[in-house]
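I set down here what I looked up in this structure, one entry for each topic.

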There are 6 protein chains.
Amino acid sequence: MKLYFEEYEVNTIQASMGRTITETDIVIHAGQTGDFYPHHIDAEWSKNNVFGQRVAYGTLILSVAAGQLAREMNEVAFSYGYDKVRFISPVFIGDTITSKGEIVGKREYAKRTEDFGLVDEQVTVTNQRGETVIAFIHIYMVEKKK
Amino acid sequence: MKLYFEEYEVNTIQASMGRTITETDIVIHAGQTGDFYPHHIDAEWSKNNVFGQRVAYGTLILSVAAGQLAREMNEVAFSYGYDKVRFISPVFIGDTITSKGEIVGKREYAKRTEDFGLVDEQVTVTNQRGETVIAFIHIYMVEKKK
Amino acid sequence: MKLYFEEYEVNTIQASMGRTITETDIVIHAGQTGDFYPHHIDAEWSKNNVFGQRVAYGTLILSVAAGQLAREMNEVAFSYGYDKVRFISPVFIGDTITSKGEIVGKREYAKRTEDFGLVDEQVTVTNQRGETVIAFIHIYMVEKKK
Amino acid sequence: MKLYFEEYEVNTIQASMGRTITETDIVIHAGQTGDFYPHHIDAEWSKNNVFGQRVAYGTLILSVAAGQLAREMNEVAFSYGYDKVRFISPVFIGDTITSKGEIVGKREYAKRTEDFGLVDEQVTVTNQRGETVIAFIHIYMVEKKK
Amino acid sequence: MKLYFEEYEVNTIQASMGRTITETDIVIHAGQTGDFYPHHIDAEWSKNNVFGQRVAYGTLILSVAAGQLAREMNEVAFSYGYDKVRFISPVFIGDTITSKGEIVGKREYAKRTEDFGLVDEQVTVTNQRGETVIAFIHIYMVEKKK
Amino acid sequence: MKLYFEEYEVNTIQASMGRTITETDIVIHAGQTGDFYPHHIDAEWSKNNVFGQRVAYGTLILSVAAGQLAREMNEVAFSYGYDKVRFISPVFIGDTITSKGEIVGKREYAKRTEDFGLVDEQVTVTNQRGETVIAFIHIYMVEKKK
């Protein structure tokens with residue numbers, strides 16, 4: 001698929017299937033990042049902490065959400081960055097998350113204004129209780145059609 | 001360790017050890033996120049693409065960098081979010097990255113101004129050639145001492 | 001998506017993106033299956049064997065191929081089984097495989113003829129040199145529309 | 001071990017030890033194959049589906065069964081393919097499976113009739129309740145002794 | 001950090017954070033080692049065995065304990081070996097372990113007496129009930145300052 | 001298999017197949033243990049260090065060796081501990097190791113002298129150049145036949 005900057009339309013929405021965040025996902029993320037903080041991998045410590053149980057890593061949920069929305073590939077778009085990543089509610093082991101992306105803005109890309117534009121996708125991740133757990137803006141650098 | 005909001009000092013710097021990003025890290029990240037785009041896992045496709053080889057996932061490098069700086073735990077700080085995450089240069093298989101964090105700002109947290117403040121840490125990730133590959137602000141919500 | 005038995009059309013083709021089979025995939029498959037035969041994980045032994053190098057597990061390539069074609073989900077189809085799975089050429093570390101599926105037949109399902117029919121998809125997996133490495137028939141049990 | 005075509009005897013049986021299929025096995029198989037269908041990884045969706053819970057991938061059970069029977073290596077045998085792979089009962093998280101292989105046939109291998117013959121092993125996988133969950137024929141290409 | 005042989009002091013103690021040993025850790029260790037004994041991965045078999053449930057691998061607990069105490073790196077110390085590794089109590093899925101290391105001895109290293117000495121650290125690993133599960137001596141070869 | 005204490009014979013030898021230690025094994029071991037020391041995962045740092053390249057974890061090689069010799073299960077033997085674990089030569093990425101176990105001693109088990117005895121197996125792990133990389137004594141607690 002090739003979808004050029006000019007062809008993106010604000011308010012377009014995509015939604016992912018659901019996925020349950022498991023203890024395995026957390027253990028693998030600990031191993032991938034080297035972050036062995038007890039919030040995520042010490043069940044005893046977590047009992048006496050703010051949430052009463054282990055919570056998923058913010059970077060895990062961000063990574064999974066980005067993956068859930070990496071569906072049909074746009075060959076002329078690149079990931080430029082993220083803005084306003086906010087961890088709103090904790091994700092616990094066994095929670096099931098779904099990601100929704102909405103195109104909320106298009107902007108010129110000052111450095112390469114002739115070739116590329118920037119597209120902002122507001123991503124919202126919700127759990128099985130309908131609570132928003134994380135929200136962020138995924139910025140894509142997209143080729144202009146010319 | 002308990003380091004309260006009042007005790008954070010702007011310009012404080014921490015630096016991580018290095019870590020080589022391997023093909024294994026990329027394959028595990030594909031499996032963790034479900035993003036099987038060819039930029040990351042198809043060596044043939046990548047030969048003919050912009051970088052001439054597979055590149056690491058942005059979310060992988062962000063996650064690893066956050067992990068590299070998750071050193072001694074501050075029991076009164078929480079991860080609030082990320083701002084201005086920017087993918088500046090590609091990370092290739094075999095590149096070695098190091099993360100540096102610098103406290104660049106302290107702010108009131110409007111919603112809970114009596115209990116917490118926000119601390120901004122500017123994180124910069126560089127490769128073995130000294131190039132910045134990713135930069136972002138990690139925002140911590142930190143208890144006030146009172 | 002709901003695609004009923006009556007709606008499947010013989011000769012319909014789907015094709016996957018490519019994926020490079022890495023040493024990591026082989027090591028993870030060894031761990032997942034418990035098959036530690038030297039053909040797959042002993043580089044020294046393999047030097048003196050028929051292919052001169054380690055080869056990927058047949059079940060790895062079968063599993064990856066099935067995954068490559070697990071694209072948009074048909075909610076009324078189930079995996080019934082595989083027929084005529086044949087390992088035609090070896091897959092080496094670094095080979096890139098692509099899977100193609102073609103609907104080659106529709107049949108009645110004797111046990112539940114009113115509710116379901118069987119659909120045969122011929123799957124062919126090729127490497128970057130255009131050689132067929134594995135071929136098999138994936139049989140789906142698909143709801144009838146009635 | 002070297003067991004030549006002429007030495008295989010029909011009705012010979014081998015049986016594996018047991019192995020519990022865990023949530024971890026399923027998550028790792030999702031990551032290895034890229035198949036993120038909700039039947040396997042979405043606990044909420046599965047509650048309302050035919051089995052009321054997540055089920056293991058067919059290719060996971062096939063791969064594990066093949067691994068369970070990859071015991072003492074026969075240096076003169078090669079995996080030729082699988083026939084009649086049938087998913088008979090679902091495998092749920094926590095089920096324990098055992099694999100049994102029985103030599104059920106020996107045949108000439110038309111393409112290389114002087115050097116090799118084909119041996120059919122009927123593999124049957126059962127769970128802790130004695131139910132057959134998967135069955136298939138593993139075909140080996142075995143050197144002739146001459 | 002550079003801590004020379006002369007600077008080590010007997011009775012110095014370090015203690016790790018806690019970590020819960022999960023089913024995932026066991027499954028990954030099975031895959032890493034190729035040890036698929038039913039004590040660790042067959043829940044049914046284990047029900048009727050001495051502990052009534054699956055137990056963690058001794059090598060897993062040893063490896064995790066060594067990792068828990070691999071904190072700030074001493075650039076002039078090397079791992080020389082382990083002595084008196086003893087598996088004292090079983091570790092079950094869900095148990096949380098903490099490791100403590102105490103310097104209990106310093107000795108000459110006969111082979112390279114001018115450059116290096118040996119330092120013995122007694123490591124004790126306890127679970128959430130305060131029971132010792134494993135104990136061992138970690139021997140470091142440490143540079144002399146001269 | 002049931003092999004009682006009385007039936008063990010000193011000088012009995014078992015030998016494993018070979019296995020290549022891959023970068024993947026090291027990355028997974030880092031993740032499993034939380035030991036992210038640069039000796040194992042920082043290729044740049046390692047270039048300038050004693051071995052000029054990354055080396056495998058001692059606990060990885062110990063765990064793999066124990067797994068390589070966990071062949072036919074003796075139902076009346078238990079792992080009691082390890083003695084004299086010595087890291088003799090480094091294992092580099094791509095080295096292939098083989099493990100040999102020799103029964104070198106039988107002793108009374110003071111605590112339960114009527115029921116159990118101790119059996120010492122000297123394990124020696126060699127690489128493809130014939131160098132010993134690690135050696136240790138695996139102590140088994142074995143039921144007496146009575």
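**Entry 1: conventions.** Before comparing chains, I note that copies are superposed by least squares on the C-alpha atoms of residues with pLDDT of at least 70 in both. The model is predicted, so I keep in mind that local features need pLDDT of at least 70, that side-chain atom pairs count only at pLDDT 80 or more, and that totals for chains, interfaces and linings use all residues. Residues are numbered from 1 along each chain as its sequence is written, while chains are lettered from A and ligands numbered from 1 in the order in which they are written.

**Entry 2: chains A and B.** The same surface serves both copies, since 100% of the contact residues of chain A recur in chain B; two residues are in contact if their C-beta atoms, placed from the backbone, lie within 7 Å.

**Entry 3: the A-B contact.** I find 27 residues of chain A in contact with 27 residues of chain B. On the side of chain A that touches chain B, the elements giving two or more residues are α1 (23-33), α4 (58-68) and β3 (77-87) of chain A. Here helices (H or I, at least four residues) and strands (E, at least two) are DSSP runs, numbered from the N terminus. The most comes from β3(A), with 9 residues. By class, I record 11 nonpolar, 11 polar and 5 charged residues on this side of chain A. Ala, Val, Leu, Ile, Met, Phe, Trp, Tyr, Cys and Pro count as nonpolar, Asp, Glu, Lys and Arg as charged, and the others, Gly among them, as polar.

**Entry 4: paired strands.** I note that β3(A) and β3 (residues 77-87) of chain B run antiparallel and are joined by 4 bridges; strands pair if DSSP finds at least two bridges between them. A:Arg86 has B:Gly81 in β3(B) as its bridge partner.

**Entry 5: chains C and F.** I superposed chain C on chain F by a rotation of 120° with 0.0 Å of shift along its axis (RMSD 0.0 Å). These two copies are thus related as by a three-fold rotation axis. In chain C, the C-alpha nearest the axis belongs to C:Thr24, 3.2 Å from it. Only 10% of the interface residues of chain C are also interface residues in chain F, so the copies meet through different surfaces.

**Entry 6: helix α1 of chain B.** Is this helix buried or exposed? I find that 11 of the 11 residues of α1(B) (residues 23-33) are buried, so the helix is largely enclosed by the rest of the structure. A residue is buried if 20 or more other C-beta atoms lie within 10 Å of its own, exposed if 12 or fewer, and partly exposed in between. Just after α1(B), I note a positive phi of about 80° at B:Gly34.
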